[in-house]
Amino acid sequence: MIEEKQISRIVEQVLKELGSKTNPCSQSSRRWLGVFDTMEGALAAAEKAYEMFRNYSIEQREKIISAIRKLTLENAEVMAKMAVEETGMGNVYHKILKHQLVANKTPGTEDLSTAAWSGDRGLTLVEMAPYGVIGAITPSTNPSETVICNSIGMIAAGNAVVFNPHPHAVNVSNYAVDLVNRAIASAGGPENLVCSVYKPTLQTADVMMKHPSVKLLVATGGPGVVKALLSSGKKAIGAGAGNPPVIVDETADIKKAAKDIIDGATFDNNLPCIAEKEVFALEEIADELIHYMQQNGAYLIKGQEIDKLVKVVLTEKEEQQGEGCTDRPKRKLMINKKWVGKDAALILKEIGITVGNDIRCIICETDADHPFVMEELMMPILPIVRVKNLEDAIRLAVKAEHGNRHTAHMHSKNIDNLTKFAKAIGTTIFVKNAPSYAGIGVDSEGYTTFTIAGPTGEGLTSAKTFTRQRRCVLVDSLSIV
Ligand code: NAD
């Protein structure tokens, strides 16, 4: 694997060679493959591509997917650097790992299977068939990773796809769209099988969601987009927000738990929806846990430092509750997006604390209702709540997860305790005794995805998620005499 220190130099060189290509909206005359001025144009092109693609064999689909994997690996550094530059969030080295993960562990056509019944009366098959054109909305936190991961799964299933990427990550997302189309072309596939627009907006998303040629919608993002998708009246797969709690009980290997939690919570500066967002520690091991966290790059803040940090990373908004003059506006805390995905040292500097490069996470003790616990910060800030017993830990962790059905983590050697928490929280991903990223196949078994559909129940999406079932029946008429 490439060394961290080499990356910057390589990426600078590649970006220089690419020149204005990094900004498709610039004066450059270069048009990106599959990227259109209008959503209507993108949809028409994808529809045409699908009409051709539906005649392709599964072997041809797999050839295309191999080409996408190869080109993704070759461009991992460029996309990682572009994403950090464009969004101002995350960590280049971790984003490289995320692209490598997508290239290597997103399932292809091997994910599809056919069920068959054969007997005296003939043969019945249930096959996984494509939907046609899929409309997909992607986030700013894993922009190109999601475009490539969705493309592999959707193409493997025989579909075409039109993306409406996050406006704040449009360049890197469309770089990925262009990359996928280049790979498709090199493998003999149809042009514009994967499309997007140069200027995605809520209006272009609306056009996409309402368009009759779009047969399936897939959204990866926060609660707003999932709600919009589910109100569309179409078949929709919603991968929504998380706020994963971690419980550490007295039976855990505390030294390892501390390292795993900090490794997971700092991965890409806590941007992943699966990353540890708050810790519930049994009081008999809390001090030891904090001690080992500090030995693993965590900086402990206390008292007024915590209050200062709240003012920096959260903003207060007044929301009118009713129309009557007696209704007082409700004060609501919101995340200050300026600090999402930023380095811990930069955030600490804002509250007057200077630390070295070895500090990668800010930890603090809070109560269970603290906004750091209840809000999905997506910053390397980890609140730790001391709890008296496992029952309290589970109750409070379930509350902090907000019923997202997303992800939860636990460090314990007690099977009964692990089972109790897993049953109570009922999340799509439950990671035991490992960093959060084990949940998406990093240093663990199983495939990866960047679209985890908790709200609509498909779970960790893959090619088969993007298919519809089709039954094909052959009756042996000679046997029905
Ligand atoms: P976001 O919700 O701000 O944006 C996601 C996408 O939805 C963007 O393309 C945005 O333009 C679009 N969008 C937002 N509101 C919309 C609406 N009303 N109609 C149409 N489109 C709309 O999310 P983000 O900040 O880019 O990403 C972070 C969030 O996404 C976090 O909440 C995180 O937990 C979640 N996420 C979930 C998964 C998952 O697999 N479940 C993966 C990544 C991120």
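What we have here is a predicted model, in which local features need pLDDT of at least 70 and side-chain atom pairs count only at pLDDT 80 or more, while totals for chains, interfaces and linings use all residues. Residues are numbered from 1 along each chain as its sequence is written, and side-chain values use heavy atoms, with hydrogens and water left out.

Let me begin with the ligand. An N or O atom in the side chain of Glu-376 sits 2.5 Å from an oxygen atom of the ligand, a backbone N or O atom of Thr-138 is 2.7 Å from a ligand oxygen atom, and a polar side-chain atom of His-406 is 3.1 Å from a ligand nitrogen atom. On its own the ligand has 850 Å² of accessible area, of which the protein covers 85%; these areas come from the Shrake-Rupley method with a 1.4 Å probe, and for residues only the protein chains shown count as cover.

Which residues come nearest to the ligand? Among the 30 around it, they are Thr-138, Ser-140, Gly-222, Glu-376 and Ile-452, where a residue counts as near if one of its heavy atoms lies within 4 Å. Because domain 1 (4-240 + 459-470) and domain 2 (245-445) both give residues to this shell, the ligand lies between them; the domain bounds come from an automatic or database assignment.

Turning to the loops, Met-378 has a positive phi of about 55° although it is not a glycine, and it lies between helix H13 (371-374) and strand E15 (381-387), where helices (H or I, at least four residues) and strands (E, at least two) are DSSP runs numbered from the N terminus. Is Met-378 buried or exposed? At 18% relative accessibility, Met-378 counts as buried, since buried means under 20% relative accessible area, exposed over 50%, and partly exposed in between, with a 1.4 Å probe and protein chains only.

His-402 also has a positive phi, near 60°, in a residue other than glycine, and its place is the loop between helix H14 (390-401) and strand E16 (407-411). With a relative accessibility of 42%, His-402 counts as partly exposed.

Technical notes:
A polar contact is a pair of N or O atoms within 3.5 Å; within protein, one must be able to donate a hydrogen and the other to accept it, and residues adjacent in sequence count only if both atoms are side-chain atoms.
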